[in-house]
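Welcome! Below are some exercises for getting to know a protein structure step by step. Have a look at the model first, then try each task before reading its solution.

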Amino acid sequence: MKLIGAVVTGSAVGTTQIGRARAATRNGITFDRVVDAVADLGCNPKGNADVSSKVKSALDGKTLIEFPSGTYHWEGSISLNTDRIGIRGTSDDVLFTFPEGYNEFFINGSCEQALYENFDVDVRSENTATGIRVASECGFHIENIEHIGRGTANSNDVTRCWQLRVNDPDATGTIKNFVAKKGSAWAHYKGGDGRVGISVYGGEGTIKIIDCHLEEFGNNGIYASRSLSSIQIEGGTYRNNNVSGIRFSGEGSYVDGATVEVDPSKYSGPHTREDDSFKMRGIVVEQSPDDIGQRDDAGAKIRNTDVIIQDNPTMGSAISMWTGGRTLSMSDSQIVYNNDGTPAIYREGKTSQSDNSTDSDPRWLRMDTVQITGSAAKGPTILVEEADNTRFTNCYIEQTGSDRQGIVFSNCQNVLLRKCVINVSGEAISFESSSGELKNVWVSRSSSPSCVSTPSSSSRDK
């Protein structure tokens, strides 16, 4: 894509930039010059005047704008198509504010590269939600940004905190230490247009999401499943988000070292719209078409991650592989699940789900050194449908509620359970029109543990 640089005319910026014409490189992104938002651009640091037009005049594709300590009020929205975009605070107390009723990206930028660092976004005004769109060719770096307040708006389309894209398959965009603890309201799905914490749409590059903290969003904490990009989530906390805390998929994509949680006792928002499209899950794996109709390749991974589901009012699973989700490898992780009647892990079969359906193989689930505990009763702990070549090794399952089953395989062929312990009150392993092999699998109903071997043909096909 050939980008058109912004033209700066009739502004005092020209002379001040010449006087401060020092190049700066931050996180691999180089700018020809740096300007001070107050000293050079004349922005009011007390929040008494709109800064958007002054900021826009300096975003010429070469300039990094630095904001000193202060409060800066935005009333307009900046849309641009340029080379580099750079906005950063120089201290820990740089705050951007917005008028009541503001509901749009305050920066909507297509660019080669982008840098956003060290500022807070205040959405405490009534009926206010905002964020930044970054559509980059060669990557971005976003770090140390917090949204303060609850981003709810009286609109069917509520602006996301971040909408991110990297087009170059060899480029990387990083978002690090982004915090939004009151993202919106947990049931405000708004027909699919509720607020999202971090969304990734389109693109083919790598996007790294590091040590972020997202809570109480109405439409996914991270929504990153409709892209060919590799989504790499490292660390962070994702709590009480509708649809999912993390939604991702594909080759090169992983969740490593995160904490994902549903716990109503930790929710601080309004209990509104809870009768409409409200279902909270921990992690969702799906392959959906990107903006040109392609799906990413199989290969999603979860490792070193804790998923905790406590009294989920919507009965969502800890891990959900939707019908369009292809493969998932999960290792060295723990799940605490305390919801009766719902699987902690659900690998959905080949059902019809609009454009998300896929009959493409492989569709397996593989778990190694995964522990599932909790007090859930009734129904299976793990339900696996139409997922040939599924493998569980070195896993421990203990659900203490009554009539709780262990693992149910439905229409799955060539599955393997090896070195696993299953302690449930109901049937430990059920093969429904399925086949497989058990090696050193210990099952226990209360105080009677026993080792089981490969089931007979009748139990496979019942």
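## Exercise 1: Aromatic rings

Phe-67 and Tyr-72 are both buried, where buried means under 20% relative accessible area, exposed over 50%, and partly exposed in between (1.4 Å probe, protein chains only). Before going on, note that this is a predicted model, in which local features need pLDDT of at least 70, side-chain atom pairs count only at pLDDT 80 or more, and totals for chains, interfaces and linings use all residues. Residues are numbered from 1 along each chain as its sequence is written, and side-chain values use heavy atoms, with hydrogens and water left out.

**Task.** Describe the geometry of the aromatic pairs Phe-67 with Tyr-72 and Trp-186 with Phe-278.

**Solution.** 

Step 1. A pair of aromatic rings is described by the distance of the centres and the angle of the planes. Rings of Phe, Tyr and Trp (its six-membered ring) pair if their centres lie within 6.5 Å; planes under 30 degrees apart count as stacked, over 60 as edge-to-face and the rest as tilted.

Step 2. The structure holds 16 aromatic pairs. One of them, Phe-67 with Tyr-72, is edge-to-face, with 4.9 Å centre to centre and 75 degrees between the planes.

Step 3. For Trp-186 and Phe-278, the ring centres are 5.4 Å apart and the planes stand at 45 degrees, so this pair is tilted. The pair links distant parts of the chain, 92 residues apart: Trp-186 is in the loop between S15 and strand S16 (198–201), and Phe-278 is in the loop between strand S24 (259–262) and strand S25 (283–285). Helices (H or I, at least four residues) and strands (E, at least two) are DSSP runs, numbered from the N terminus. Trp-186 and Phe-278 are both buried.

Step 4. Now look for a cluster: ring pairs link Phe-67, Tyr-72, Trp-74, Phe-96, Phe-98, Tyr-102, Phe-106 and Phe-119.

## Exercise 2: The partners of S15

**Task.** Find out which strands pair with S15, and in what sense.

**Solution.** 

Step 1. Recall the rule: two strands pair if DSSP finds at least two bridges between them.

Step 2. Start with strand S13 (residues 140–148), which is joined to strand S15 (residues 172–180) by five bridges, the two running parallel. Across this pairing, Phe-178 in S15 stands opposite Ile-145.

Step 3. Strand S17 (residues 206–210) also runs parallel to S15, and five bridges join them. Here Ile-207 in S17 has Gly-173 opposite.

Step 4. Finally, strand S18 (residues 213–215) pairs with S15 in the parallel sense over two bridges. Leu-214 in S18 stands opposite Ala-180.

## Exercise 3: Polar side chains

**Solution.** 

Step 1. A polar contact is a pair of N or O atoms within 3.5 Å; within protein, one must be able to donate a hydrogen and the other to accept it, and residues adjacent in sequence count only if both atoms are side-chain atoms.

Step 2. Asn-144 lies in strand S13 and, at 35% relative accessibility, counts as partly exposed. Leaving aside neighbours within four places in sequence, Asn-144 is in contact (heavy atoms within 4.5 Å) with Glu-117, Asn-118, Phe-119, Lys-176 and Asn-177.

Step 3. Asn-177 belongs to strand S15. Although not a glycine, Asn-177 has a positive phi of about 55 degrees, and at 26% relative accessibility this residue counts as partly exposed.

Step 4. Glu-216 sits in the loop between S18 and strand S19 (222–226). With 1% relative accessibility, Glu-216 counts as buried, and its side chain makes a polar contact of 2.7 Å with the side chain of Arg-150.

## Exercise 4: The whole protein

**Task.** How many helices and strands does the protein have, and what share of its residues counts as buried?

**Solution.** 

Step 1. The secondary structure comes to three helices and 39 strands.

Step 2. Of the 462 residues, 58% count as buried.

Step 3. Among contacts with a separation of 6 or more, 73% come from residues 24 or more positions apart.
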